[in-house]
Amino acid sequence: MGAQFDLAKALTGISGILVTPFDGQDEVAPQRLRPIIDRAIAAGVHILVSNGNTGEFYALTTDEAETMVRAAAEQIDGRIPLIAGIGRSIKDACRLAKTSAEAGACALMIHQPPDPFVAPRGIIDYVRRVHEASGACR
């Protein structure tokens, strides 16, 4: 996934979860991310997260989340690592994991599955399937 970074080292630094900008018609406005990303990197942030919890992940459609992770990866342009938040149903999570990996995310942040009554083995299976969908090395 993504450019080669020392992810363990980056994770000990400062991380920032990107907001999701919208336009006046309530559509995602990925071009409005650029100054946010540039300023965060200039300020010394070590890693950025697209589609995180404060990025309104659960308020976005899967299509919108794909748009935002692609835009973030393009605008970060390999300067620092990108982590992609993914979740929802297993099909949506797998689709977003694949898109995020293809866009250049170097890791995934898997949001808690939406079923509060899922058994522990169900969570393990969910994470395993998402991992496999991302195409990440084993």
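This is a predicted model: local features need pLDDT of at least 70, side-chain atom pairs count only at pLDDT 80 or more; totals for chains, interfaces and linings use all residues.

Residues are numbered from 1 along each chain as its sequence is written, and side-chain values use heavy atoms, with hydrogens and water left out.

**Exercise 1**

Work out whether serine 50 is buried or exposed, and list what it is in contact with.

*Solution.* Start by placing it: serine 50 sits in strand β2, which covers residues 47-50. Helices (H or I, at least four residues) and strands (E, at least two) are DSSP runs, numbered from the N terminus. Next comes accessibility, where buried means under 20% relative accessible area, exposed over 50%, and partly exposed in between (1.4 Å probe, protein chains only). Serine 50 has 3% relative accessibility, so it counts as buried. Last, look for contacts, meaning heavy atoms within 4.5 Å. Setting aside neighbours within four places in sequence, serine 50 touches Leu18, Met68, Val69, Ala72, Leu82, Ile83, Ala84 and Gly85.

**Exercise 2**

Find the phi values of asparagine 51 and arginine 88, and say where each residue lies.

*Solution.* Here's the background: most residues other than glycine have a negative phi. Asparagine 51 has a positive phi, near 65°. It lies in the loop between β2 and α3 (62-76), and it is buried, with a relative accessible area of 2%. Now for arginine 88: its phi is also positive, near 80°. Arginine 88 belongs to the loop between β3 (82-86) and α4 (90-103). At 13% relative accessibility, arginine 88 counts as buried.

**Exercise 3**

Which residues of helix α2 are buried, and what do they pack against?

*Solution.* Helix α2 spans residues 34-42, and its buried residues are Ile37, Ala40 and Ile41. Look down the axis of α2: these buried residues fall within an arc of 95°, so they line one face of the helix. (The arc is that of the directions from the helix axis to the C-beta atoms.) On the face turned away from the buried side you'll find the exposed residues Pro35, Arg39 and Ala42. As for partners, the buried residues of α2 pack against β2 and α3. After α2 comes glycine 44, with a positive phi near 100°.

**Exercise 4**

*Solution.* Two packed helices are described by the angle between their axes and the distance between the axes.

Then list the residues: Thr62, Asp63, Ala65, Glu66, Val69, Arg70 and Ala73 of α3 meet Asp92, Arg95, Leu96, Thr99, Ser100 and Ala103 of α4. By class, this contact of α3 with α4 has 5 nonpolar, 3 polar and 5 charged residues. (Ala, Val, Leu, Ile, Met, Phe, Trp, Tyr, Cys and Pro count as nonpolar, Asp, Glu, Lys and Arg as charged, and the others, Gly among them, as polar.)

Finally, zoom in on glutamate 66 in helix α3. With 7% relative accessibility, glutamate 66 counts as buried.

**Exercise 5**

*Solution.* Sorted by class, the contact of α4 with α5 has 8 nonpolar, 1 polar and 2 charged residues.

**Exercise 6**

How many Å separate the C-alpha atoms of alanine 107 and proline 81, and of valine 118 and proline 30?

*Solution.* Take alanine 107, which lies in strand β4 and is buried, with a relative accessible area of 14%. Alanine 107 and proline 81 are 26 residues apart in sequence and 8.3 Å apart in space, C-alpha to C-alpha. Now turn to valine 118, in the loop between β4 (107-110) and α5 (120-134). Valine 118 counts as partly exposed at 29% relative accessibility. Valine 118 and proline 30 are 88 residues apart along the chain, with 34 Å between their C-alpha atoms.
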